[in-house]
Structures are given as C-alpha cells and as structure tokens.
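Me: I would like to go through this entry term by term. For each label, please set the value against the rule behind it.

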Amino acid sequence: MNETIAVVGAGIAGLLLARELKARGENVVVLEKSRGLGGRLATKRVEAAVFDSGAQYFTAKSERFAARVVEWAAHGVVAPWPGASAHRWIARPSMNALGKYLAEGLDVRRESKVIKVQRADGGWELMIENQSAMRAGRLVLTAPMPQSLALLQTGSVGLPDKLAGELAALTYHPCLALLLTLEGPSAVPAEGVALADGPVRWIADNTKKGISPGLAAAVTVHLNPAFSAEHYAKTESELAALVLPGIESNLGSPVSNVTLQRWRFSEPAATRVEPCVWLPELGLGLAGDALGGPRVEAAALSGLALAERMATKAGAARAKSSAAHVQEVGSVA
Ligand SMILES: Cc1cc2nc3c(=O)[nH]c(=O)nc-3n(C[C@H](O)[C@H](O)[C@H](O)COP(=O)(O)OP(=O)(O)OC[C@H]3O[C@@H](n4cnc5c(N)ncnc54)[C@H](O)[C@@H]3O)c2cc1C
C-alpha cells in the first residue's frame with residue numbers, strides 16, 4: 001500500500017487534486033471540517049428557501065478547465081445559468097452539488113477539522129478535533145492561505161523564508177451575505193445584477209436561477225469587501241436596517257426573512273502567479289484560490305497543477321529523511 005496523502009479541505013481545489021492523485025494510484029484521504037462538501041461552492045437552506053450563498057457561478061476560460069466542465073455538463077452536474085450569458089456556469093441543482101459529485105469515490109472525512117500538523121518520522125502527524133491523530137506520508141493544505149499558514153504554525157513547521165513572506169502577503173477579503181426571502185416576486189434580473197455603488201455588490205434571485213422552486217423569491221445579496229470588513233460583527237437585523245432600504249427597488253417585494261452568512265475568507269486580496277506550491281523535501285503542498293486567482297476556475301487549476309507537480313519524479317521523490325534535512329530546507333519564518 002502506498003503511503004497516505006492527507007488533503008486538508010474538500011473545496012474544488014482539494015477535491016480535484018484528490019481525484020487526480022487517486023487516479024494515479026495514490027492512497028488519498030480528504031479531511032473537511034464542515035458537514036458540507038465543496039467549500040465556497042456553497043448552498044444554504046433556510047426553511048423552504050435554497051440559496052447559493054458563496055460562489056454564484058463560474059467561468060471556464062482555460063481549455064483544461066473547460067474540458068472538465070463539458071464532462072460535468074454531460075453528467076448533468078453543471079449547466080449554463082438560465083437566462084444568462086453562456087459563459088456563466090452553475091451546478092445543478094445548486095452550487096454544492098459539484099462538491100458532492102467530485103467527492104464520489106473518494107475517502108472524504110467530513111466534520112474532521114485539522115487543528116495541528118507536525119513533522120513526524122519523515123512524514124506528518126495530523127491532530128483532528130475530537131478524533132485520534134492521523135499519520136500521512138505527504139500533506140496538502142487547500143484552505144484559504146491564512147488558515148493553511150496558521151495550521152503550519154501549530155506544529156512549528158518552517159517554510160523557506162522568501163516563500164513564507166510571499167505566502168503571508170496573500171490576505172483575504174471578507175464578504176457578508178444576506179439571504180432574503182421575499183413576500184412576492186423579485187425585480188432582480190434572471191442573470192443577477194452587479195452594483196457599482198453603495199454597500200451591495202451583487203444580487204441574485206435563486207428562484208429565477210432555478211434552485212429554489214416553489215417560493216416567490218429567495219435572494220442572495222453580497223456586500224462589498226470594504227463594507228463587509230467595516231461591519232463584519234454586526235447582526236443580521238443591524239445589517240438589514242443599513243442595507244435593505246437602498247435596494248428596495250432592486251428587490252421589488254417586501255422582505256419576509258433575513259439570514260446572515262459571514263465569509264471571513266471570501267476571496268484573496270492578492271494572489272500568487274504560480275498555481276501551487278510543492279516542497280518535496282517536506283512532502284508538503286499548498287493549493288487553492290490564493291495561488292492563481294480569486295475564482296473557482298483558478299482554484300480548480302491550482303489543485304490540478306499540484307497533482308501534476310507531485311507526480312513528477314522530483315515531486316514523488318520525497319525525502320525519506322531526517323529532521324536534519326528538514327531543518328536545512330525550512331528555516332523557520
Ligand atoms: C461570497 C463569495 C462569492 C464568490 N463568487 C464567486 C463567483 O461568482 N465566481 C467565482 O469563480 N468565484 C467566486 N468566489 C470564489 C470561489 O468560491 C473560490 O475562489 C473557490 O471556491 C475556492 O476554492 P478552494 O478549493 O480554493 O477553497 P475552499 O472552497 O474555501 O475550500 C477549502 C476547504 O477547506 C476546508 N478547511 C479549512 N480549514 C480546514 C481545517 N483546518 N480542517 C479541515 N478542513 C478545513 C474548508 O471548510 C473548505 O471546505 C466567491 C466566494 C465567495 C465566498
């Protein structure tokens with residue numbers, strides 16, 4: 001049996017990477033802290049209403065990702081956004097369906113929050129909240145970069161200085177999402193609407209999108225990064241009072257319920273051009289949207305790029321080795 005590769009995070013980067021590695025005969029375990037799959041490809045239910053609360057749609061500009069999307073479309077997992085330009089893809093019936101689909105056939109352990117990682121016997125030891133520790137030969141982190149770096153710090157894992165500095169600069173914007181149920185039909189265009197001024201940057205009607213049938217309107221409202229940062233701790237009723245009067249005409253019907261979802265790590269404020277990080281000496285990889293770009297497609301390409309790096313001879317030749325070698329490579333940042 002091959003050594004285990006532990007992948008932290010069941011977002012699109014982690015799931016695509018895990019599928020690639022498994023297809024190459026590797027023994028992969030994906031650890032996901034949430035109950036849901038897909039990470040920021042997220043769907044939230046509030047009573048009868050269904051909301052895509054994170055990513056609203058994705059594009060497929062690169063040939064590599066477009067080939068996957070065509071395959072998923074053939075399986076009915078994704079489709080063009082109804083009424084929108086053909087360049088916008090959504091998952092069916094809602095965004096988290098793509099995560100569920102990609103997780104099929106993989107060893108994905110949900111509700112498994114990794115709380116500490118440390119080097120052990122030339123490999124890795126992972127502490128998982130309320131579970132026993134796990135050993136792995138190689139480790140891949142796909143959480144938003146600040147969370148991945150914090151995890152490395154728990155076990156005093158040092159990265160090369162220059163790299164550590166570059167990765168620490170990859171901070172994220174927060175995003176407050178208001179999930180609204182309306183009493184009547186909305187005035188929101190079927191393809192959603194991006195607003196340039198004011199605290200709101202995006203409004204979409206999930207009923208028109210086809211994911212919340214049977215309801216008058218279930219509307220996702222995303223607040224812009226600066227407003228979200230300034231008002232991050234506010235309650236839903238405080239935010240409703242601040243924001244809803246300004247978008248009454250966009251909504252078109254009275255609001256009957258407001259649910260708040262806070263995304264602390266919504267999109268990277270800065271990204272690194274190289275699509276992944278692979279340190280064979282440590283048996284450590286990093287992937288996700290901070291590497292490549294703040295989009296679903298870039299996160300997917302990051303996961304795929306890392307799988308390829310790990311499969312090359314140099315990538316696979318993880319140092320069997322000694323703590324001494326690790327210290328040599330990774331001066332603590
Ligand atoms: C509000 C919002 C709107 C967006 N809109 C769009 C859009 O319209 N189009 C677009 O292309 N992109 C959009 N994005 C960005 C897009 O969702 C992301 O770029 C992409 O989904 C990131 O995928 P990922 O796999 O890198 O990370 P994630 O999806 O964040 O996956 C990381 C996973 O790691 C898990 N995790 C974290 N820490 C741990 C731990 N310690 N132990 C175990 N698991 C852990 C998390 O729970 C998560 O499931 C949006 C994002 C948000 C939040």
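Reply: Start with the residue classes: Ala, Val, Leu, Ile, Met, Phe, Trp, Tyr, Cys and Pro count as nonpolar, Asp, Glu, Lys and Arg as charged, and the others, Gly among them, as polar. Under that scheme the shell around the ligand divides into 19 nonpolar, 12 polar and seven charged residues. This is a predicted model, in which local features need pLDDT of at least 70 and side-chain atom pairs count only at pLDDT 80 or more, while totals for chains, interfaces and linings use all residues. Residues are numbered from 1 along each chain as its sequence is written.

Me: What makes a residue part of the shell that surrounds the ligand, and which are the closest?

Reply: A residue is near a molecule if its C-beta atom, placed from the backbone, lies within 6 Å of it. 38 residues surround the ligand, and the closest are Gly9, Gly11, Gly39, Ala143 and Gly288. Elements giving two or more residues to this shell are α1 (12–23), α4 (145–154), β12 (172–182), β16 (255–268) and α9 (296–311). Here helices (H or I, at least four residues) and strands (E, at least two) are DSSP runs, numbered from the N terminus.

Me: Which domains does the shell around the ligand draw on?

Reply: The shell takes at least three residues from each of domain 1 (4–33 + 111–170 + 271–329) and domain 2 (43–93 + 172–269). Such bounds come from an automatic or database domain assignment. The centres of the two domains, taken over C-alpha atoms, are separated by 30 Å. Their contact takes 14 residues from domain 1 and 12 residues from domain 2; two residues are in contact if their C-beta atoms, placed from the backbone, lie within 7 Å. On the domain 1 side, α9 gives the most, with five residues. That side has nine nonpolar, two polar and three charged residues.

Me: Why does glutamate 47 count as exposed?

Reply: The rule calls a residue buried if 20 or more other C-beta atoms lie within 10 Å of its own, exposed if 12 or fewer, and partly exposed in between, with C-beta atoms placed from the backbone. Glutamate 47 has 10 C-beta neighbours inside 10 Å, so it counts as exposed. It is found in the loop between β3 (43–46) and β4 (49–52), and its phi is near 50°, a positive value in a residue other than glycine.

Me: Why does aspartate 121 count as exposed?

Reply: Aspartate 121 has 12 C-beta neighbours inside 10 Å, and therefore counts as exposed. Its phi is near 50°, and its place is the loop between β8 (114–120) and β9 (123–128).

Me: What makes a set of residues a nonpolar core?

Reply: Such a core is a set of buried Ala, Val, Leu, Ile, Met, Phe, Trp, Tyr and Cys residues joined through C-beta atoms within 7 Å. The largest has 68 residues, of which Ala6, Val7, Leu17, Val140, Ala300 and Leu306 touch the most other members. α9 gives the most to this core, with 10 residues. A second, separate core of 27 residues includes Cys175, Leu176, Ile211 and Trp263.

Me: How do you know that the radius of gyration of the protein chain agrees with a compact globule?

Reply: The radius is taken over C-alpha atoms, and the globule rule is 2.2 Å times the number of residues to the power 0.38. For 333 residues the rule gives a value near 20 Å; the protein chain has 21 Å, so the two agree.
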